[in-house]
Amino acid sequence: IAHEFKNALATISGYAQMIRSEAQPGTDLHDHGDLILRQTRSLTHVVTEFLKFARPLELANEQVSLQPLIEQVVAEISEGVPGVPFDTVGEFGDVSGDDALLRQAILNLARNAAEAASENPAGGRVVIHGEIDKSAPMPGQRISVSDNGPGIPAETLTKIFVPFYTTKANGTGLGLAVVQKIIVQHGGSIEARNQ
């Protein structure tokens with residue numbers, strides 16, 4: 001069903017591009033074509049996020065070096081949210097898993113943290129902390145992403161991993177649900193808390 005929606009949206013988008021290109025800039029027709037394009041892009045994004053969530057994950061089983069992965073995520077988020085500095089501290093080892101999916105999970109968490117921190121009038125900051133737990137029967141990697149943003153209201157905190165729940169005006173409500181799915185599929189767990 002989602003693929004059928006994407007096909008229809010592509011057709012609508014194509015016709016809107018034709019309308020916009022044939023109309024004079026500044027006219028109602030040009031503006032309407034532009035509005036249709038923006039809306040179809042927004043809907044396509046929602047459908048794409050839904051597909052990521054609904055599709056069964058096929059994990060690649062490879063050695064993933066987390067230190068360079070974290071550095072790439074920080075560089076990418078720093079471009080998108082330039083006013084929020086990142087600190088990476090602790091130890092990031094190698095884990096067995098899917099490089100692309102783990103990157104996506106950490107990227108979603110870091111982006112959320114940066115957006116929250118950007119709301120701090122005194123200046124936002126994000127810290128990604130790594131710790132290797134060697135005491136467990138199987139050593140594991142713990143990664144904490146923290147920010148100095150306004151925090152999450154208590155009534156919202158219990159719902160943040162629920163699919164389609166969002167407090168953002170342009171959010172799909174799938175970002176953290178996808179993160180949770182990725183982490184659980186890798187045999188891990190995820191939790192969120194304030195302070």
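The following conversation goes through the main features of a predicted model of a protein chain.

Reader: What kind of model is this, and how are the residues numbered?

Author: Residues are numbered from 1 along each chain as its sequence is written, and the model is predicted, so local features need pLDDT of at least 70, side-chain atom pairs count only at pLDDT 80 or more, and totals for chains, interfaces and linings use all residues. Side-chain values use heavy atoms, with hydrogens and water left out.

Reader: How many helices and strands are there?

Author: The protein chain has 6 helices and 5 strands. Helices (H or I, at least four residues) and strands (E, at least two) are DSSP runs, numbered from the N terminus.

Reader: In what pattern do they follow along the sequence?

Author: The pattern is α-α-β-α-β-β-α-β-β-α-α.

Reader: What share of the chain is buried?

Author: Of the 195 residues, 28% count as buried. Buried means under 20% relative accessible area, exposed over 50%, and partly exposed in between, with a 1.4 Å probe and protein chains only.

Reader: Which strands make up the open sheet?

Author: The open sheet has 3 strands in the order E2-E4-E5, with mixed pairing. Its edge strands are E2 (86–90) and E5 (140–147), each of which pairs on one side only. Two strands pair if DSSP finds at least two bridges between them. The twist averages 15° from one strand to the next.

Reader: How do E4 and E5 run, and how many bridges join them?

Author: Strand E4 (residues 126–133) and E5 run antiparallel and are joined by 8 bridges. His-129 stands opposite Ser-144 in E5.

Reader: Which helix packs on the sheet and touches E2, E4 and E5?

Author: Helix H4 (residues 99–117) does so, and its direction makes about 20° with that of E5. Helix H3 (residues 66–80) also lies across E2, E4 and E5, running at about 165° to E2. Axes are lines fitted to C-alpha atoms, for helices over the stretch in contact, and angles run from 0 to 180 degrees between N-to-C directions.

Reader: What about E1, which strand is its partner?

Author: Strand E1 (residues 62–65) pairs with E3 in the antiparallel sense, over 4 bridges. Glu-62 stands opposite Gly-97 in E3.

Reader: Changing topic, is Asp-87 buried or partly exposed?

Author: Asp-87, which lies in strand E2, counts as partly exposed because its relative accessibility is 31%. Leaving aside its neighbours within four places in sequence, Asp-87 is in contact with Arg-125, Val-126, Val-127 and Ile-128. Contact means heavy atoms within 4.5 Å.

Reader: And where is Ser-13?

Author: Ser-13 is in helix H1 (residues 2–22). Ser-13 counts as buried because its relative accessible area is 14%. Beyond its neighbours within four places in sequence, Ser-13 is in contact with Leu-37 and Thr-40.

Reader: Which residues of H6 are buried?

Author: In helix H6 (residues 175–185), the buried residues are Leu-176, Ala-177, Val-178, Val-179, Ile-182 and Ile-183. Just after H6, Gly-187 takes a positive phi of about 80°.
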